[in-house]
Every structure is written in C-alpha cells, then in structure tokens.
Amino acid sequence: EGFAGAGLYDSITVADCVHKAVNYATEPLVFDKDFRNKVLRQLFKLGRLVEDNFKGEPQDIEGAIDKNGGLVVLQSRPQV
C-alpha cells in the first residue's frame, strides 16, 4: 500500500517519504544478545511454519518486524 510500483531496485512511492538518518545506537537487535536470540528463535519457528505450509519445500521468505515486535511474512517463494 502506498507504492505505485516496485521492483528489484527502488520503489516509487505515491506520497513523499520523510527521509531521516537511521540511528542503530538504541536498536536492541544490535547490542542485546538475549533480544537477538529471542528474535532468531521466532524467525526459526516462523520459517518452519512457512516451509511446512509448502509441503516442506525450502522457501525464500521476506518479512518484517512490526512496531509491536510481531513477525510479518511479506512474501515467500521456493528457493532455487
């Protein structure tokens, strides 16, 4: 939603985007080992669920973490 087109490179947005520098200094994924391990366990479980949904066929999965910490699968396709 909010994209006029997407591809392998840049997406073209419908509305102007606010550009700002990303500050990873407060990102727990970078410095908090326990948090990172928790996310990795969640990713492993989600990957298994997606793979099981496709009868065990390995998948190339794209996803995101929402603002509440939930995992979201954006797309999945067979690995080649």
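**Close-up views of a predicted model**

View 1. Tyr24 is placed in the loop between strand E2 (12–13) and helix H1 (28–31); helices (H or I, at least four residues) and strands (E, at least two) are DSSP runs, numbered from the N terminus. The model is predicted, so local features need pLDDT of at least 70 and side-chain atom pairs count only at pLDDT 80 or more, while totals for chains, interfaces and linings use all residues. Residues are numbered from 1 along each chain as its sequence is written, and side-chain values use heavy atoms, with hydrogens and water left out. Tyr24 counts as exposed because its relative accessibility is 54%; exposed means over 50% relative accessible area, buried under 20%, and partly exposed in between (1.4 Å probe, protein chains only). Together, Val22, Tyr24, Val30 and Phe31 make a nonpolar surface patch of about 460 Å². Such patches are made of residues with over 30% relative accessible area and no salt bridge, with nonpolar side chains (Val, Leu, Ile, Met, Phe, Trp, Tyr) joined within 5 Å and like charges within 9 Å. Accessible areas come from the Shrake-Rupley method with a 1.4 Å probe; for residues, only the protein chains shown count as cover.

View 2. Strand E3 (residues 59–65) pairs with strand E4 (residues 71–78) in the antiparallel sense over seven bridges; two strands pair if DSSP finds at least two bridges between them. Ile61 stands opposite Ser76 in E4. The hairpin has five residues between its strands, and Gly69 takes a positive phi near 90°.

View 3. Asp60, Glu62 and Arg77 are linked in a network of salt bridges (a side-chain nitrogen of Lys or Arg within 4 Å of a carboxyl oxygen of Asp or Glu). The side chains of Arg77 and Asp60 meet at 3.3 Å, N to O. Arg77 lies in strand E4 and Asp60 in strand E3, so this pair ties together parts that are 17 residues apart in sequence. The side chains of Arg77 and Glu62 meet at 2.9 Å, N to O. Glu62 also lies in strand E3, so its pairing with Arg77 ties together parts that are 15 residues apart in sequence. Arg77 is partly exposed at 33%, and Asp60 is partly exposed at 31%.

View 4. Glu51 and Arg48 lie three residues apart in helix H2 (residues 33–53), about one turn of the helix. Their side chains meet in a salt bridge (4.0 Å, N to O). Glu51 is partly exposed, with a relative accessible area of 22%, and Arg48 is partly exposed at 43%. The structure holds three salt bridges.
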